[in-house]
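Q: Please take a close look at the salt bridge in this structure, with its charged side chains and the fold around them. Which side chains meet there?

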Amino acid sequence: MIFFFDVQYGINHVLDINGYDHVLFSLVLTVAYVFKDWKRVLILVSLFTLGHTISLILAAYDIVKINGALVELLIPITICVMALYNVFTAGKTIQKGVGLLFFSALFFGIIHGLGFAREFHLLIGGSSDKLLPLLEFALGIEAAQLIIVFVVLFFSFLMQTVFNFSKRDWILVMSSIVIGLVIPMIMENELIA
């Protein structure tokens, strides 16, 4: 029963309408791809989940503590960086090797995980078995992100085939919308405001 709770908690964490930062990050991570790129997208999303899980493990075992306001500032910045990357690379050939994008997905996953570390630390508290709930939670995060990826790829397919958007224009429009959504999140952070 606990297994399903932890997995469901991970799914709800990503798909929570009030904390849509995961959705926005998954969107900008995926929007430049199509269904035939599914392996590359799966690796990117899994690296993000791995980074997220690493930071939760570090926080759960009291190895790392970080200023919450700083993390809440860094999260929308990571989304904005990925969206800007899309804007500047839209219409260009995607490099097939392991590059900056893979390391960015992992590193940005660590930052996003730190944003949830406090709450997760309270959830598992003094439990002696912290690793299993963390892995179950990560499974929920991965499942939810794959749902988002599928939806983004489906809409990308729809917009590019049915409505004749060019891939470049689709990437530019979606990335620009995301930038417009995260700039207020950055500006309203208590470290800046």
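A: The radius of gyration is taken over C-alpha atoms, and the globule rule is 2.2 Å times the number of residues to the power 0.38. For the 193 residues of the protein that rule gives a value near 16 Å, and the 17 Å found here agrees with a compact globule. This is a predicted model, in which local features need pLDDT of at least 70, side-chain atom pairs count only at pLDDT 80 or more, and totals for chains, interfaces and linings use all residues. Residues are numbered from 1 along each chain as its sequence is written, and side-chain values use heavy atoms, without hydrogens and water.

The protein has seven helices and zero strands (DSSP runs numbered from the N terminus: H or I of at least four residues for helices, E of at least two for strands).

Now the pair itself. The structure holds one salt bridge, defined as a side-chain nitrogen of Lys or Arg within 4 Å of a carboxyl oxygen of Asp or Glu. R168 and D169 form it, with 3.2 Å from N to O. Side chains of opposite charge can pair when their charged atoms come close. D169 is partly exposed, at 35% relative accessible area (buried is under 20%, exposed over 50%, partly exposed in between, with a 1.4 Å probe and protein chains only). R168 is also partly exposed, at 44%. Buried residues make up 45% of the 193 in the protein.

On charge overall, the protein has 10 positive and 13 negative charges, with mean positions 15 Å apart. Lys and Arg count as positive, Asp and Glu as negative, while His and the chain ends are not counted; each charge is placed at NZ of Lys, CZ of Arg, CG of Asp or CD of Glu.
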